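Good morning, everyone. Please look at the screen, and we will walk through one chain together.

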Amino acid sequence: MKNFIFDLYGTLADIHTDENSKRFIKAVSVYFKKLNPETGDFMSEYKRICAAEQGGEDDETDLSRVFGQLLKTDNGETILKAAGYFRRKSRSKLGLYGGVRRLLTALKEKGSAIYLLTNAQACFTLAELDKLKLTGYFDGIVISSEVGKKKPSPVIFDYALKKFNLDVGQTVFTGNDINADVLGAKAAGLHTAYILSNLSPTEDSLEKAKPYADFATDNFKSLSEYLISLC
């Protein structure tokens, strides 16, 4: 196997955010009011614009547009700064699972190419990849908000395969969500590996994953040994 594509949150990175906490709502309300005094009730406006931007089931809203509307600006730097503040205030945990760096380093040393394909917001995730010091490991990054489609849509998988000119038969996708990651990648013809993590959907289980994934585990060390064995 020459190419390894990974999901991010729940697969490589552990995270917790809460956009319903009173502390978060107060902080972002004050922040956005300072930037745009015409802002009314922040959360009401935020949810209204998000709902208006939402398309079909597999469509991904780009929150950069939402923040731009809230601030009534198209200044990219201002929007990115506001998005960063919003994310930091909502986030209480961000870190890598044990063994992630060892796995990615081992794959690199064996000459494999490593890619990221994740359902996420570029205005949040690119900064978090830098914070986690992961960016340099990837030969390419695909984030759903930039594509406009999210997993399990075949569109985002096909987009990544074409963008990086990858041979489906030489590529494995690893994620922590049976529907979005395993079934989505399988539909695109990819080999799949599944890890049951603390961020996997509550309805997921190893028993449910094993009939679909080429490999399934709840142990990152086992996952690492399997992926390295494919090189």
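Start with one definition: buried means under 20% relative accessible area, exposed means over 50%, and partly exposed is in between, with a 1.4 Å probe and protein chains only. Keep in mind that this is a predicted model: local features need pLDDT of at least 70, side-chain atom pairs count only at pLDDT 80 or more, and totals for chains, interfaces and linings use all residues. Residues are numbered from 1 along each chain as its sequence is written, and side-chain values use heavy atoms, with hydrogens and water left out.

Now the overall picture. The protein chain has 11 helices and 8 strands. Its radius of gyration is 18 Å, close to the 17 Å from the globule rule for 231 residues, so the chain is as compact as a globular protein of that length. That radius is taken over C-alpha atoms, and the rule is 2.2 Å times the number of residues to the power 0.38. Along the principal axes, the C-alpha atoms fill a box of roughly 55 × 35 × 30 Å. Of the 231 residues, 50% count as buried.

A word on naming. Helices (H or I, at least four residues) and strands (E, at least two) are DSSP runs, numbered from the N terminus.

Which residues of helix H6 are buried? In this helix, residues 122–131, they are Ala 122, Cys 123, Phe 124, Thr 125, Glu 128 and Leu 129. After H6 comes Lys 133, and its phi is positive, near 60°.

Next, the salt bridges. A salt bridge is a side-chain nitrogen of Lys or Arg within 4 Å of a carboxyl oxygen of Asp or Glu. How many does the structure hold? It holds 10.

Take Arg 65 and Glu 53. Their side chains meet in a salt bridge, at 2.9 Å from N to O. Arg 65 lies in helix H3 (residues 63–71) and Glu 53 in helix H2 (residues 42–53), so the pair ties together parts that are 12 residues apart in sequence. Arg 65 is partly exposed at 42% relative accessibility. Glu 53 is partly exposed at 24%.

Now Asp 59 and Lys 149. In this salt bridge the closest N and O atoms are 2.5 Å apart. Asp 59 sits in the loop between H2 and H3, and Lys 149 in the loop between helix H7 (144–147) and helix H8 (154–163), so this pair ties together parts 90 residues apart in sequence. Asp 59 counts as partly exposed, at 22%. Lys 149 is partly exposed too, at 27%.

A further pair is Lys 186 and Asp 214, with the closest N and O atoms 3.0 Å apart. Lys 186 lies in helix H9 (residues 178–187) and Asp 214 in the loop between helix H10 (206–209) and strand S8 (215–217), so parts 28 residues apart in sequence are tied together.

There is also a network. Salt bridges link Asp 7, Lys 151 and Asp 181.

Last, the surface. Arg 23, Lys 81, Arg 88, Lys 89 and Lys 131 form a positive patch. Patches use residues with over 30% relative accessible area and no salt bridge: like charges are joined within 9 Å, nonpolar side chains (Val, Leu, Ile, Met, Phe, Trp, Tyr) within 5 Å. Lys and Arg count as positive and Asp and Glu as negative; His and the chain ends are not counted. The place of a charge is NZ of Lys, CZ of Arg, CG of Asp or CD of Glu. Accessible areas come from the Shrake-Rupley method with a 1.4 Å probe; for residues, only the protein chains shown count as cover.

Which helix gives the most to the positive patch? Helix H4 (residues 76–90) does, with 3 residues. Lys 81 is in H4. At 60% relative accessibility, Lys 81 counts as exposed.
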